[in-house]
Amino acid sequence: RIGDLNAMTDKEIRQTVPITGVRRIIFDNMHASLSQSAQLTLHTEASAEALVALRQRLCRNGEKISYNAILIKTAATALAIHPGMNASVVEGAMTVWRQIHIGLAMEANDVLVVPVVRRPDTKTIGEIDREIGELVLKVRENKLSPDDLVNGTFTISNLGFGDVDYFTPIIRPPESAILGVGRIARKPSVKGDSIVPEQRLGLSLTFDHRIIDGAPAARFLKTLKDMIEDPLLLIR
């Protein structure tokens, strides 16, 4: 019987990779995130027509503005309206941060890094885009400093490049929320009594249910959706 079982489960190791260095840090952080918080994810879909038009308008002068810069500005504005989402659990207490610092998940040499854009609520979309560009360059040249990676209060992970619509992003400790962004895709949409093609965007918000309830998280996600669909709401 043992021989039959071995035959049924026969497999050969292609490679064994020790979990060390940066991968060990990611390994430990993700385990801590899931074991020390109660994570819940909400999904919604927004019209991306205005978002696409805004990016095209911002790029008119030859400057290539990324969607991530617009999304970071949008998230920062929404966090200012819903400060309870800009929080952490510190020594058994809910700590709501005054400053907004948004991390942007990136891939570097097959590992995940999350450099932080400081105070995007006080910056223009163009300023945010240039700061993202500087961080991307540091990632490529392996020149990120520890200061580039710490003190985030919220994170955005954009997997739209991989044709992903929705996913369940994992909170980056000690933060309490993370926004997952899917691809912008042309889909049928109901407008009145008609079905029309429209650019659509999937949004996934994971939050720590220990300190953030479902209703305020849903309101925050609704604010994000409204701002994406009507960027004039970014003017406050």
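Biologist: How much of the chain counts as buried?
Modeller: Of its 236 residues, 40% do, with buried meaning under 20% relative accessible area for a 1.4 Å probe, protein chains only. Keep in mind that this is a predicted model, where local features need pLDDT of at least 70, side-chain atom pairs count only at pLDDT 80 or more, and totals for chains, interfaces and linings use all residues. Residues are numbered from 1 along each chain as its sequence is written, and side-chain values use heavy atoms, with hydrogens and water left out.

Biologist: OK, and what does the secondary structure come to?
Modeller: Six helices and ten strands, taken as DSSP runs numbered from the N terminus (helices are H or I, at least four residues; strands are E, at least two).

Biologist: What does the C-alpha trace span?
Modeller: About 65 × 45 × 40 Å along the principal axes.

Biologist: Switching to strands: how do β9 and β10 run, and how many bridges join them?
Modeller: They run antiparallel, with 13 bridges; strands pair if DSSP finds at least two bridges between them. I184 has L201 in β10 as its bridge partner.

Biologist: What's in the turn there?
Modeller: β9 and β10 make a hairpin with two residues between them, and G192 in that turn has a positive phi of about 65°.

Biologist: Which strand does β1 join?
Modeller: β1 (residues 39-47) is joined to β10 (residues 194-208) by nine bridges, and the two run antiparallel. Q39, for instance, is partnered with D208 in β10.

Biologist: Now pockets. How much space lies in the largest one?
Modeller: About 1,300 Å³. A pocket here is an open set of points on a 1 Å grid over the protein atoms alone, where a 1.4 Å probe fits, with protein on both sides within 12 Å along at least five of seven lines; lining residues have an atom within 4 Å of a point. The volume is the space filled by probe spheres set on the points, which are joined across faces, edges and corners.

Biologist: Which residues lie nearest its centre?
Modeller: A105, M106, E107, L112 and V113, out of 48 lining residues. Elements giving two or more residues to that lining include α2 (21-35), α4 (67-81) and β9 (177-191).

Biologist: And the lining by class?
Modeller: 31 nonpolar, eleven polar and six charged. Ala, Val, Leu, Ile, Met, Phe, Trp, Tyr, Cys and Pro count as nonpolar, Asp, Glu, Lys and Arg as charged, and the others, Gly among them, as polar.

Biologist: What about the second largest pocket?
Modeller: About 230 Å³ of space, with 14 lining residues.

Technical notes: Buried < 20%, exposed > 50% of the residue type's maximum accessible area, 1.4 Å probe, protein only.
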